[in-house]
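Please examine the structure shown below. The paragraphs that follow lead from its charged side-chain pairs to its overall architecture.

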Amino acid sequence: MTETAVESAAAQSKSQQAYDAVKARIVEGIYTPGYRLVLAKIAEDLGFSVVPVREAIRRLEAEGLVKFERNVGATVSGIDPTEYLYTMQTLSIVEGAATALSAPLIDSVAIARARAVNEEMRECLEHFDPVRFTALNQDFHSVLFEHCPNPHILDLVHRGWNRLASLRSSTFRFVPGRAQESVREHEALLQLIETGADADTIEKAARRHRAATLDAYLATTN
């Protein structure tokens with residue numbers, strides 16, 4: 001590898017590190033919506049020059065986590081209620097279908113794994129950590145929809161989850177009361193799958209579960 005190539009790789013590595021660091025702080029709520037991202041300060045904190053930090057901020061802007069305001073600069077984006085609405089509506093449809101199609105293929109081992117994750121979520125309620133709860137929530141639902149035999153529907157589900165992540169890491173940060181209900185609904189979904197409920201019943205339950213989180217969030221914005 002030439003010296004120029006080495007330097008280029010090092011610059012890309014620093015840009016990635018800066019991206020990972022800033023995104024983590026947004027996801028964890030250290031940088032809250034509206035927080036001003038001062039490039040020089042972030043660069044100093046990370047021990048980098050401003051260049052990789054600027055590249056990282058541009059990537060985060062493209063993902064919707066950061067926005068630029070005139071006379072202010074880069075700030076952390078809040079949730080766009082309209083985009084969140086559309087994403088959750090779409091995800092409720094495709095994830096409901098994927099869960100219903102997966103149900104006959106989910107064995108007792110997968111059920112046990114999902115139930116163990118849901119128990120971790122229940123324990124998380126005691127000292128509520130919305131970021132961890134959201135990560136566990138995705139793990140739980142992944143067990144239920146990953147067996148979907150239709151790759152096109154599964155792709156749409158993954159896109160929906162990725163879109164949610166770019167909007168905000170944890171809706172439960174805004175509606176923590178919804179978390180306890182979510183855990184109960186998870187167990188109800190597992191029982192439907194365990195007892196061999198028909199596809200229509202499972203799909204409707206999965207859609208209601210997703211829609212309830214959307215309704216809880218929208219209630220806070222009205």
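Because Glu181 and Arg178 are three residues apart in helix α8 (residues 177-194), about one helical turn separates them. Helices (H or I, at least four residues) and strands (E, at least two) are DSSP runs numbered from the N terminus. The side chains of Glu181 and Arg178 form a salt bridge with an N to O distance of 3.2 Å; the term denotes a side-chain nitrogen of Lys or Arg within 4 Å of a carboxyl oxygen of Asp or Glu. The model is a predicted one, in which local features need pLDDT of at least 70 and side-chain atom pairs count only at pLDDT 80 or more, while totals for chains, interfaces and linings use all residues. Residues are numbered from 1 along each chain as its sequence is written, and side-chain values use heavy atoms, with hydrogens and water left out.

Arg178 also meets Glu185 in a salt bridge, here at 2.6 Å, N to O. Glu185 is partly exposed at 25%, and Glu181 is partly exposed at 36%.

In total, the structure holds eleven salt bridges.

The charges may also be considered over the whole chain. There are 24 positive and 30 negative charges, and their mean positions are 6 Å apart. In this count Lys and Arg are positive and Asp and Glu negative, with His and the chain ends not counted; each charge is placed at NZ of Lys, CZ of Arg, CG of Asp or CD of Glu.

Helix α4 (residues 81-102) contains Ser92. With a relative accessible area of 9%, Ser92 is buried. Which residues does Ser92 contact, leaving aside its neighbours within four places in sequence? Ser92 is in contact with Arg207 and Arg210, where contact means heavy atoms within 4.5 Å.

A search of the whole structure finds zero disulfides, a disulfide being a pair of cysteine sulfur atoms within 2.5 Å.

The secondary structure of the chain comprises nine helices and two strands. Along the sequence they follow the pattern α-α-α-β-β-α-α-α-α-α-α. The C-alpha trace spans about 60 × 50 × 30 Å along its principal axes. Of contacts between residues at least 6 apart in sequence, 74% join residues at least 24 apart. The chain has 222 residues, of which 40% count as buried. It exposes about 11,800 Å², with carbon and sulfur atoms supplying 52% of that area; accessible areas come from the Shrake-Rupley method with a 1.4 Å probe, and for residues only the protein chains shown count as cover.

Key: Buried < 20%, exposed > 50% of the residue type's maximum accessible area, 1.4 Å probe, protein only.
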